[in-house]
Each structure stands twice: as C-alpha cells, then as structure tokens.
Amino acid sequence: GSDRVFCIGGMILQPRKSFPILRKRCENLSNPVITYFGYGSNLNSEDWKQFCSNEGFESKGLREICKARLPNYSLIFHQDSISRKGGVADIVEMEGKCVYGALFEMDAHAREAMDEKEGVRFNTYQPIWIEVRTFEDEIVKALTYVTTTRKRKNHFVAPTEEYVDLIRIGLLERGLPTENLDFASRGENFV
C-alpha cells in the first residue's frame, strides 16, 4: 500500500515523493520509521513522556522533524474522555480552515505506544494517512489519528482547561497560533 516505507541504499523512503524531510538512515530494518502528524496533546512532549513512563514504553522513538499545517481541516472537540475528564481533540475536514501541528519521525515502538495512547484497540481513535504542508510549503504524507465514528458525539464536548493548556503549550513552544484552539475549545466551530 501507499503507507509502506522502503529501505534503499541505506535510506528509508516513503513512496510517491521522497522529500529530504522523509529520508532517514536505516538503523534497523525491523523498526522502520514513518512520518506522523501531531496536532493535539501529542504536541506536548512532557505529556508523551509521562504516558510512556506510566505505560512502560520508551518515548525516544518519536522525534520531531518540523512544524506543519493541515489545510482544509478544523480542530474540534466532540469526543468525551474519561482519563482527560472532558472533551479531547479531533480533526474534521472543513474547507478554508487549518490545523497547526508538527511532523515527527515515529519508529515501530513509538507507533505501538501511540496506538495505545490513542486507544486504537478500544476503537477510540483510528490512524489515517493525510497530506500536510510544511512551512516551506512541501506536501508530506503522514499518519495521524482521528476519532472513530463510534466515539464521535454529534455535539460539542467541553475540554478541561488543563487539557487545552497541554495543547496550547505545544503550539506556543513551536511559535504556532493558538486562535484555532481557543475557538474550538469553546465549541465555536462545531458543525
């Protein structure tokens, strides 16, 4: 499929387009690296490290590449989380909107941890492939996670201030705008 990576001449390449940003030395062929787009609490490195520590995973397999944006999508809160005690971030297609985040290299061990963090086995979030843009205007195919239809509510679910602050810190650390987060966390963009 188009989500596979290949090791050619000691470099890992993703199919279709092989931007320099997607190249990485093959350290271990049994642990390939994919590109991941983080937009919510996963922008907060402390939150990621804490999750990994609590759940017995290593956090080092997720390494930031650069900040990025996902055009024609909107941040939205329409899923309730027991562990976060309120709404959690999701993205939905919405013409003219934009979701800010970051691209990361994610090895197979980090992917396993991320699947666990996102509740994939419980059908909470599901991984999908999207095309994001770097701030150098390169289009990059990346994996991200979205709420499953089963968990999505048809109404706004208010996030806690603590959860919104996790995302806000991640955005501010990268010099990314927080207006979309503010708008979404008040339910003002709910469709």
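Visitor: In helix H1, which residues are exposed on the other side?

Guide: Exposure is read from relative accessible area (buried is under 20%, exposed over 50%, partly exposed in between; 1.4 Å probe, protein chains only). On the other side of H1, the exposed residues are Glu46, Ser53 and Asn54. The model is predicted: local features need pLDDT of at least 70 and side-chain atom pairs pLDDT 80 or more, while totals for chains, interfaces and linings use all residues. Residues are numbered from 1 along each chain as its sequence is written, and side-chain values use heavy atoms, without hydrogens and water.

Visitor: Which residues of H1 are buried?

Guide: An α-helix has 3.6 residues a turn, so residues three or four places apart point the same way. In H1 the buried residues are Asp47, Trp48, Phe51 and Cys52. They lie on the same side of H1, because their arc around the axis is only 130° (taken from the directions from the helix axis to the C-beta atoms). Cysteine 52 counts as buried because its relative accessibility is 1%.

Visitor: What covers these buried residues of H1?

Guide: The cover includes E5, H2 and helix H3, residues 161–173, by contact (heavy atoms within 4.5 Å). Helices (H or I, at least four residues) and strands (E, at least two) are DSSP runs, numbered from the N terminus.

Visitor: How are the ends of H1 arranged, beginning with the residue that caps the N-terminal end?

Guide: Asparagine 44 is the cap, with a side-chain oxygen 3.1 Å from the backbone nitrogen of glutamate 46. Just after H1, glycine 56 has a positive phi of about 80°.

Visitor: Which residues of H2 are buried?

Guide: In H2, residues 108–117, the buried residues are Ala110, Ala113, Met114 and Lys117. Their arc around the axis is only 100°, so they sit on the same side of H2. Their cover includes strand E4 (33–38), helix H1 (45–55), E5, E6 and strand E8 (139–147). At the start of H2, a side-chain oxygen of aspartate 107 comes within 3.0 Å of the backbone nitrogen of histidine 109. Just after H2, glycine 119 takes a positive phi of about 70°.

Visitor: How many bridges join strand E5 to E6?

Guide: Two strands pair if DSSP finds at least two bridges between them. Strand E5 (residues 62–81) runs antiparallel to E6, and 17 bridges join them. One of the bridge partners in E6 is methionine 106, which faces leucine 62. In the hairpin of E5 and E6, four residues lie between the strands, and lysine 85 has a positive phi near 60°. E5 also pairs with strand E7 (residues 125–134), in the antiparallel sense, over two bridges. There, alanine 68 stands opposite threonine 134 of E7.

Visitor: Which residues touch the most other members of the largest nonpolar core?

Guide: Such a core is a set of buried Ala, Val, Leu, Ile, Met, Phe, Trp, Tyr and Cys residues joined through side-chain atoms within 4.5 Å. Among its 42 residues, Phe37 and Met106 touch the most other members. Strand E6 (residues 86–107) contributes the largest share, eight residues. Methionine 106 lies in strand E6 and counts as buried because its relative accessible area is 0%. Methionine 106 and glycine 61 lie 45 residues apart in sequence, yet their C-alpha atoms are 5.7 Å apart.

Definitions and conventions: Polar contact = N/O pair within 3.5 Å; in protein donor to acceptor, adjacent residues only side chain to side chain.
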